[in-house]
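Here are some notes to read alongside the model. Please keep the sequence and the 3D view open as you go through the points.

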Amino acid sequence: QVQLVESGGGLVQAGGSLRLSCAASGRTFSSYAMGWFRQAPGKEREFVAAISWSVGRTSYADSVKGRFTISRDNDENTLYLQMNSLKPEDTAVYYCATVRRMFAAVLPVRYREYDYWGQGTQVTVSS
């Protein structure tokens, strides 16, 4: 059974930083690209960042490019999202997810391309 557990969310002032983690189990972690999404109240879930199954390729939403960094540790089966220069508009529940296809060559931005999801972790940025 695949399980994804996010942690690291919290309350931070604008301009601050947070590091989210996503611990994965139940799947060969290193064979799947992974991503982060977020959902603010009253809004649709939106793509934040993705990373290829083999360390190297990344993709970011324009709204977070230059401020957020996605990374992974395949030995520890853990996905990370380093968030710097946080803004109030970054406030949302953040979810990690695995890409549906093994060894995906393209990093998808649509949530339908992801099959397993964590429970989410709340990030709140105060102004």
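1. Start with R38. Its side chain makes a polar contact of 3.5 Å with the side chain of S63. A second polar contact, of 2.6 Å, joins the side chains of R38 and E46. Here a polar contact is a pair of N or O atoms within 3.5 Å; within protein, one must be able to donate a hydrogen and the other to accept it, and residues adjacent in sequence count only if both atoms are side-chain atoms.

2. A word on the basis. This is a predicted model: local features need pLDDT of at least 70, side-chain atom pairs count only at pLDDT 80 or more, and totals for chains, interfaces and linings use all residues. Residues are numbered from 1 along each chain as its sequence is written, and side-chain values use heavy atoms, with hydrogens and water left out.

3. Is R38 buried or exposed? R38 counts as buried because its relative accessibility is 5%. Buried means under 20% relative accessible area, exposed over 50%, partly exposed in between (1.4 Å probe, protein chains only). R38 is found in strand β4. Strands (E, at least two residues) are DSSP runs, numbered from the N terminus. Leaving aside neighbours within four places in sequence, R38 is in contact (heavy atoms within 4.5 Å) with residues including E44, V48, F68, D90 and Y94.

4. Next, the core. The largest nonpolar core has 36 residues. Such a core is a set of buried Ala, Val, Leu, Ile, Met, Phe, Trp, Tyr and Cys residues joined through side-chain atoms within 4.5 Å. W36, L79, L81, M83 and Y94 have the most contacts inside it. Among the elements giving two or more residues to this core are β4 (32–39), β8 (78–83) and β9 (92–102). Not counting residues up to four places away in sequence, L81 touches W36, V48, F68 and Y94, among others.

5. The structure holds one disulfide, meaning a pair of cysteine sulfur atoms within 2.5 Å. C22 is joined to C96, S to S 2.0 Å. The pair links distant parts of the chain: C22 lies in strand β3 and C96 in strand β9, 74 residues apart. Both C22 and C96 are buried. The link is right-handed, with 60° about the S-S bond.

6. Last, a sheet. Four strands form an open, antiparallel sheet in the order β1-β3-β8-β7. β1 (3–7) and β7 stand at the edges, each with a single partner strand, so one side of each is left without a neighbour in the sheet. Two strands pair if DSSP finds at least two bridges between them; six join β7 to β8.
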